Amino acid sequence: NQMLANQWTDKANIHCFNVAANLADCWKDQFNREKRHFEKGLEIANRAIAFREQLNKGDNSKSMAYWVKGKHLMSLGRYEESEAAFTSALNYDLSAANLSGDFDAPSSESTFGVVVNFGFVGLAKVRLGKGEGQSQFDKAVEIFQDWLEDETKKGDAEVGLMELEESARLN
């Protein structure tokens, strides 16, 4: 039965994403991650991407899977591939937000995904020595800092700042 198969595939999809995300090094926890964790996280992130394609998941869901792929690539020092994965994540978020190709930078009205992925694209560019990367990263951090003042966005701001700042420190 196809419906049952899709339900089990979706459970595998969710499990893959959660494991890949937990293996990422952007969380302020006590887990000492090593190269093998990032390699396994990347492998599992690719499975999540495949599941999400197979299940015709929406753009937000695909964005999250590309984000975790980019995060593991960044942790492995594969910055060009990381930039490409984060750019895919950002493009999926822009599509989900119905923003057109004339997008320049996020604003305080942007979604969490747009802001965080804009920042991660910037961080990858910094690691590649591309000049615009730092201003892109700084813009995302600035928006999240502004969100700290808004009770409805404070939780997202704290997560976004942790992910970006911890990644900048470690990678």
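## Salt bridges, core and surface of a helical model

D10 and K57 are joined by a salt bridge whose closest N and O atoms lie 3.0 Å apart. This pair connects distant parts of the chain, since D10 belongs to helix 1 (residues 2-23) and K57 to the loop between helix 2 (35-54) and helix 3 (59-75), with 47 residues separating the two. The model is predicted, so local features are reported only at pLDDT of at least 70 and side-chain atom pairs only at pLDDT 80 or more, while totals for chains, interfaces and linings use all residues. Residues are numbered from 1 along each chain as its sequence is written, and side-chain values use heavy atoms, with hydrogens and water left out.

### Salt bridges

A salt bridge here is a side-chain nitrogen of Lys or Arg within 4 Å of a carboxyl oxygen of Asp or Glu, and by this rule the count comes to twelve salt bridges. Exposure is given as relative accessible area (1.4 Å probe, protein chains only), with buried meaning under 20%, exposed over 50% and partly exposed in between.

Another of the salt bridges brings together the side chains of K62 and E53, with 3.8 Å from N to O.

Elsewhere in the chain, K40, E43 and R47 are linked with one another in a network of salt bridges.

### The nonpolar core

A nonpolar core is a set of buried Ala, Val, Leu, Ile, Met, Phe, Trp, Tyr and Cys residues joined through side-chain atoms within 4.5 Å. The largest such core has 37 residues, and the members that touch the most other members are W67, V68, F86, F120, F144 and L164. Two or more residues come to this core from each of helix 1, helix 2, helix 3, helix 4 (79-96), helix 5 (112-127), helix 6 and helix 7. Helix 5 gives the most to this core, with eight residues.

### Charge on the surface

D138, E142, D146 and E149 gather on the surface in a patch of negative charge. Such a patch consists of residues with over 30% relative accessible area and no salt bridge, like charges being joined within 9 Å. One of its members, E142, lies in helix 6 (residues 132-147), and this residue counts as partly exposed because its relative accessibility is 40%.

### A residue in the loop

Which residue has a positive phi although it is not a glycine? N56 does, with a phi of about 55°, and this residue is found in the loop between helix 2 and helix 3. With a relative accessibility of 64%, N56 counts as exposed.

### Pairs along the chain and in space

The table sets separation along the chain beside the distance between C-alpha atoms for several pairs.

| Pair | Separation in sequence | C-alpha to C-alpha distance |
|---|---|---|
| N46 and Y66 | 20 residues | 8.2 Å |
| I44 and S88 | 44 residues | 17 Å |
| A140 and A50 | 90 residues | 29 Å |
| V115 and W8 | 107 residues | 32 Å |

N46 has its place in helix 2 and is partly exposed, because its relative accessibility is 32%. I44 lies in helix 2, and at 11% relative accessibility I44 counts as buried. A140, which lies in helix 6, counts as buried at 0% relative accessibility. V115 has its place in helix 5, and V115 is buried because its relative accessible area is 0%.

Note on methods. Patches are made of residues with over 30% relative accessible area and no salt bridge: like charges are joined within 9 Å, nonpolar side chains (Val, Leu, Ile, Met, Phe, Trp, Tyr) within 5 Å. Accessible areas come from the Shrake-Rupley method with a 1.4 Å probe; for residues, only the protein chains shown count as cover. Lys and Arg count as positive and Asp and Glu as negative; His and the chain ends are not counted. The place of a charge is taken as NZ of Lys, CZ of Arg, CG of Asp or CD of Glu. Helices (H or I, at least four residues) and strands (E, at least two) are DSSP runs, numbered from the N terminus.
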